Amino acid sequence: MQQGRAQVGGASNSGAPPAQTSRATLAGPAQDARALPVSASAGKAVPSLAIAHDRLSVTLTLPVGCDVASLTLGALIVLAKEREVPDGPMLRAGLQGAIAKAAATGELLLSQDMHEVVLRGRAPRESVDASIALEQPPVENVGEAGDARVRSSLRVIRRGETIARVASAQAGEDGCDVRGNVLAVKPPAGLRVKLDSSVRLLGDGRVIALRDGALRSTHEELGIDECFAIESGIDFATGNVDVPGDVRVAGGVADCFVVRASRNVEVRKLVDAATLEAGRDLTLHAGAAGRGQGKLSCARDLVAPCVSGFVVRAGRHVRVERELAECEVRVGGAFTGPLCAVVRGELIATGGATLGTLGAASGATTTLVVGWHPELDALATRLSELRQRAAQAGEADAKRVRELGMRDKLSASEAEEMTDLSFRSMEQQPLLARLLGAFRSVQEQLAKACVPEATITQRIEAGATVVLAGSAGGVQAVFSQAVRGPVRIVGWRERGDMEATKRDHGPVIVDESTRSASPLSSVARLSAWTRGANHEALCKAFGLELHVLLASFAMREASKAEGERLRKAG
């Protein structure tokens, strides 16, 4: 930007950068000072020069009756100097053009005043600040006509998506007024919006997302949040929700709507008969009432004050404070609810359960299963079946090899078959070894996860059923009378030796107040429970003894714990 005076352009010079071409007008531009005469002769109409308010033009005015013949360039230059307009070639050219134009009209201006722009300045070009504009979201999550639930008002940003465009700052250009003064412009401002680490500005001006999530756009910052915060509830105004990251709902969830998130889901108000799925934890601050049509699932923990009428699946632990009613619940870890009343339905807790009341005084069917992991059970059974099938195939191949080996001479096809059988026999042992390793891993996971134990702090109603899963299937206990808590029901694994447990006539019930133990058969009718796999039989199919396998695993776990203790101590 230049400072001080600069050369300005005239009205008739093509080399100047005028803002507009010179033209005569009947009404001149606004004047900012008095008009000065060329001559002081009384009674004569005299010319005047006026500078526009923006100081970007000088206008010569010749009034009616002005003696055109007496106009001289020198007199007009003197007039310009009095108006503080410096002499220069552009001014002279403009004045000469105006004199020539006036001369063409005759000696006197008889009908109207003449106004002619004789000099123009250069207008400044203002700087342009850097700016950012959000991209319009594409139309998505639109379902079939009439199905408003699958329409979503949430915009989900995907990694690599263009979310905005940045226009770079443009430097302006200083101007110059008719007096030669520089009209300075301000330098352009940079981008005022901060781009956080979740987005990236590319060289072409595009701003792309570096992760999936929700767009966060304010006057100060632009980024991608991993949490979708919904200030209302989930209903027809929002549609279903299916997003990466977390979902935090300030309201509730209406019937038949779906909330699905790859991480955590948190709902502040009541969940009706809806479907909620969380890739991590699920937290319901006001509980859920599904009326037999709701579904809740999470890969880790579920926490709620009360749940009724839902199918529940939790990969790790579940905590319900007050009531679990008419639900089908499967928990991969432990169920905790010291004051929770479990009424009607089925609760399967692999890692054991602690609850307040089990069953209803009316005798409604209520079942608690502890120490059973259905998925690992099914996997162990499947591995045993594969091992048996592989072993049978190996025996058949070995038999065929013996048959071919007894022949004096083999045909070409028989020789090829012999070669194929030899290769298959070589692959047989590694396959069996892999199956055995997988089976051992499943058994160790079962030993770690399964806790066939239940603690009831208040009361077990008559008619309630408790199943204690075991390595040979398990035992089912139907309570023939009400039992006051706190009591703890202990299954096979905690008792230790299987044969000793059988001699003691099965699992026991422990009064936590007096620490006295009684056979569970004294308060309940016991029967075999066969839904679980018989792991003793499965182990024998692999040539293993279950108690030896579990003892070996326990020793390794103890060794790890001791090593960790020594490491911390050292």
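Gln476 is partly exposed, with a relative accessible area of 25%; that label covers values between buried (under 20%) and exposed (over 50%), found with a 1.4 Å probe on protein chains only. This is a predicted model, so local features need pLDDT of at least 70 and side-chain atom pairs count only at pLDDT 80 or more, while totals for chains, interfaces and linings use all residues. Residues are numbered from 1 along each chain as its sequence is written, and side-chain values use heavy atoms, with hydrogens and water left out.

Back to Gln476: you'll find it in strand β31 (residues 475-479). Strands (E, at least two residues) and helices (H or I, at least four) are DSSP runs, numbered from the N terminus. Ala528 sits 52 residues away along the chain, yet its C-alpha atom is 5.9 Å from that of Gln476. Leaving out residues up to four places away in sequence, Gln476 touches several others, including Thr465, Val467, Arg525 and Trp529. Touching, or contact, means heavy atoms within 4.5 Å.

Now for the whole protein. It has 8 helices and 36 strands, and 42% of its 570 residues count as buried. Among contacts between residues at least 6 apart in sequence, 48% join residues at least 24 apart.

Some of those strands pair up, which takes at least two DSSP bridges between them. Here are two pairs:

| Strands | Bridges and direction | Residues standing opposite |
|---|---|---|
| β19 (258-261) and β21 (275-278) | 4 bridges, parallel | Ala261 and Ala278 |
| β21 (275-278) and β23 (288-298) | 4 bridges, parallel | Glu277 and Ser297 |

What about the inside? The largest nonpolar core has 63 residues, and Leu276, Leu284, Phe335 and Phe479 have the most contacts inside it. Such a core is a set of buried Ala, Val, Leu, Ile, Met, Phe, Trp, Tyr and Cys residues joined through side-chain atoms within 4.5 Å. A second, separate core of 24 residues includes Cys66, Ile77, Leu79 and Ala80.

Helix α1 (residues 73-82) has Leu73, Leu76, Ile77, Leu79 and Ala80 as its buried residues. Seen down the axis, these fall within an arc of 155°, so they line one face of α1; the arc is that of the directions from the helix axis to the C-beta atoms. An α-helix has 3.6 residues a turn, so residues three or four places apart point the same way. The buried residues of α1 pack against β3 (48-51), β4 (57-62) and α2 (89-103). After α1 comes Glu84, with a positive phi near 65°.
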